[in-house]
Amino acid sequence: MASTAANRVRRPVHPGRKRLALAVAMVAFGSFLPWVQTAVGNLSGGNGPGLWTFYGAMFGLAGALLPMRRLGAFQATVLSVVAVVLPAWQMVRMLRLVGTEGWLPGPGAVLVLGGGVLAGVAAWQLWHAPAADPAA
């Protein structure tokens, strides 16, 4: 029994999967941080669009864990769209409602947006780059 376990060869993790896992962590953590900072107080992402970006992060987590690269690329693309569009929409909405006075983008929105961009890079890499060679 011990000899069969010693003969197993582990495949190296695809770099796109590593990037997707980091993007998932960024989006999941940033979803519940403040998205808008004001002098009166902060607006948490968990009360609004941050909940949807967290759902997208869980969908992206499945893509990082699945062994199928193309399906992982699709899931990373969905995460990327959700994590880029929702913070951008939130900031544009705040600009239209209030203007530029009295508020700043919070660390949650910035972290989610960065995670969305990283998920997009991971999706491209998973879709286009060849799998790592286990013999190398």
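Trainee: Which residues form a nonpolar patch on the surface?

Mentor: Phe32, Leu51, Trp52 and Tyr55, with about 440 Å² of accessible area together. Patch residues have over 30% relative accessible area and no salt bridge, and nonpolar side chains are joined within 5 Å. This is a predicted model, so local features need pLDDT of at least 70 and side-chain atom pairs pLDDT 80 or more, while totals for chains, interfaces and linings use all residues. Residues are numbered from 1 along each chain, and side-chain values use heavy atoms, without hydrogens and water.

Trainee: Where does Tyr55 lie?

Mentor: In helix α3, residues 49–65. Tyr55 counts as partly exposed because its relative accessibility is 44%; buried means under 20%, exposed over 50%, and partly exposed is in between (1.4 Å probe, protein chains only).

Trainee: And Phe59?

Mentor: Phe59 is in helix α3 too, and it is partly exposed at 34%. Phe59 and Leu79 are 20 residues apart in sequence, yet their C-alphas are 7.0 Å apart in space.

Trainee: OK, helices now. At what angle do the axes of α3 and α4 cross?

Mentor: Roughly 165°, and the axes come within 8 Å, with α4 covering residues 69–97. That makes α3 roughly antiparallel to α4 (over 145 degrees; under 35 is roughly parallel).

Trainee: How are α2 and α4 oriented to each other, parallel or antiparallel?

Mentor: Roughly parallel. Helix α2 (residues 15–30) packs against α4 at about 30°, with the axes 11 Å apart.

Technical notes. Patches are made of residues with over 30% relative accessible area and no salt bridge: like charges are joined within 9 Å, nonpolar side chains (Val, Leu, Ile, Met, Phe, Trp, Tyr) within 5 Å. Accessible areas come from the Shrake-Rupley method with a 1.4 Å probe; for residues, only the protein chains shown count as cover. A salt bridge is a side-chain nitrogen of Lys or Arg within 4 Å of a carboxyl oxygen of Asp or Glu. Helices (H or I, at least four residues) and strands (E, at least two) are DSSP runs, numbered from the N terminus. Axes are lines fitted to C-alpha atoms, for helices over the stretch in contact, and angles run from 0 to 180 degrees between N-to-C directions. Angles under 35 degrees count as roughly parallel, over 145 as roughly antiparallel, 65 to 115 as roughly perpendicular and the rest as oblique.
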